[in-house]
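User: Hi! I'd like to learn how to read side-chain features in a protein model. Could you walk me through this one?

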Amino acid sequence: MNPLYPLVKRLLIAAVLMPVIASGLSAQMIHFAALPGKGGKATISACVLVDDQGTLASVVELQSDPAKATLHVGDKKIPLTFVANNMESRVAIYRLPDDAKDAVKGAATLGSSLNLKSSQAVYTSATERKTESSVVSRVNRFQGKVLPLAVLRVNHPGKAPASGSGIYDVNGKLVGIVRQAVYNNPNSSYCLPAEVITRVIADHKRNGRVSRCWIGIIMDELVSPPIVESVRPESPAKKAGLQSGDVILSIGNQTVKEYAEVVDGFFYLIAGEAKKFRVLRGTKVME
């Protein structure tokens, strides 16, 4: 399957930097230097502490340099160690210096976005429940184009939080990170699933870089259900036993019913890491 249009070229056509309104984040922001050359722009995003080792996750705008980031906490300016970033989602991972690991409190517990339902309550704080946001839907197409990964659309009682802000479920687990406010609807945001953070960290840890995985199958976007049209010789899919005509039912723990969901499932594949596929071959379900 060929890589599709980058998320930032379709979903983020009119990206704007929104003011921070989520509680506790106004004094805790990452400042990104502008990329060199024409069009470079310094930007600011919120961030989420994802473990007790000082690992931060944030979102970087296209015009900014992900490798040049400084955390501002009150009057302190803390240079961050760049770990990795994913160009399609714009998620970037950083590490706090050893002598500044206490600068950000309250590491998030990573949850799952897969079971979120429409109208389900989510929150912009892991601990406060004063105001509720609501999940609208999981979005995997924009202006008729299939996105390389699905995002969550969330409605908020006020203006959408800044890019990089966490979205939490009722149990206080991180289920998403704000990508941007919806164009012409400042009370709604597109949020990246928390699984994106896990995927970026895991890929970098295993392979020393972050890249989209290729498995070597061809599918038809216009055909539903998701049927494998052909399998490349000597590809990972061929070696795993996938065949032309197989209907993909699930990728890992993610159920898929149509082409765009398969594309989303493929985003989370990591080179060199085994992932179980369930397929329908004739009348038999196989793994």
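User: Let's start with rings. How many aromatic pairs are there?

Analyst: Keep in mind that this is a predicted model. The count comes to 4 aromatic pairs. Take Phe 32 and Tyr 94: their ring centres are 6.2 Å apart, and with 45° between the planes the pair is tilted. Phe 32 sits in strand E1 and Tyr 94 in strand E8, 62 residues apart, so this pair links distant parts of the chain.

User: Is Phe 32 buried or exposed? And what about Tyr 94, buried or exposed?

Analyst: To read this, look at relative accessible area: under 20% means buried. Phe 32 has 2%, so it counts as buried, and Tyr 94 is buried too, at 0%. Ring pairs also bring in Phe 82, giving a cluster of Phe 32, Phe 82 and Tyr 94.

User: What does the pair of Phe 267 and Tyr 268 look like?

Analyst: That one is edge-to-face, with 90° between the planes and 4.9 Å from centre to centre. Both residues are buried.

User: What else does Arg 199 pair with?

Analyst: Arg 199 forms a salt bridge with Asp 203, where the closest N and O atoms are 2.7 Å apart. The two are 4 residues apart in helix H2, which means about one helical turn separates them. Asp 203 is buried at 2%, and Arg 199 is buried at 3%.

User: How many salt bridges are there in the whole structure?

Analyst: A search finds 9. One of them joins Asp 264 and Arg 138, at 3.6 Å from N to O. Asp 264 is in helix H4 and Arg 138 in strand E11, so the bridge ties together parts 126 residues apart in sequence. Asp 264 is buried at 2%, while Arg 138 is partly exposed at 31%.

User: Now the core. What's the general idea?

Analyst: In soluble globular proteins, nonpolar side chains tend to be buried together. Here, the largest nonpolar core has 27 residues, and Val 91 is among those with the most contacts inside it. Helix H2 gives the largest share, 4 residues.

User: Which residues does Val 91 touch, leaving aside its neighbours within four places in sequence?

Analyst: Its contacts include Ile 177, Leu 192, Val 196 and Ile 197. There's also a second, separate core of 20 residues, with Val 228 and Leu 242 among them.

Definitions and conventions:
Residues are numbered from 1 along each chain as its sequence is written. This is a predicted model: local features need pLDDT of at least 70, side-chain atom pairs count only at pLDDT 80 or more; totals for chains, interfaces and linings use all residues. Side-chain values use heavy atoms; hydrogens and water are left out. Rings of Phe, Tyr and Trp (its six-membered ring) pair if their centres lie within 6.5 Å; planes under 30 degrees apart count as stacked, over 60 as edge-to-face and the rest as tilted. Buried means under 20% relative accessible area, exposed over 50%, partly exposed in between (1.4 Å probe, protein chains only). A nonpolar core is a set of buried Ala, Val, Leu, Ile, Met, Phe, Trp, Tyr and Cys residues joined through side-chain atoms within 4.5 Å. Contact means heavy atoms within 4.5 Å. A salt bridge is a side-chain nitrogen of Lys or Arg within 4 Å of a carboxyl oxygen of Asp or Glu.
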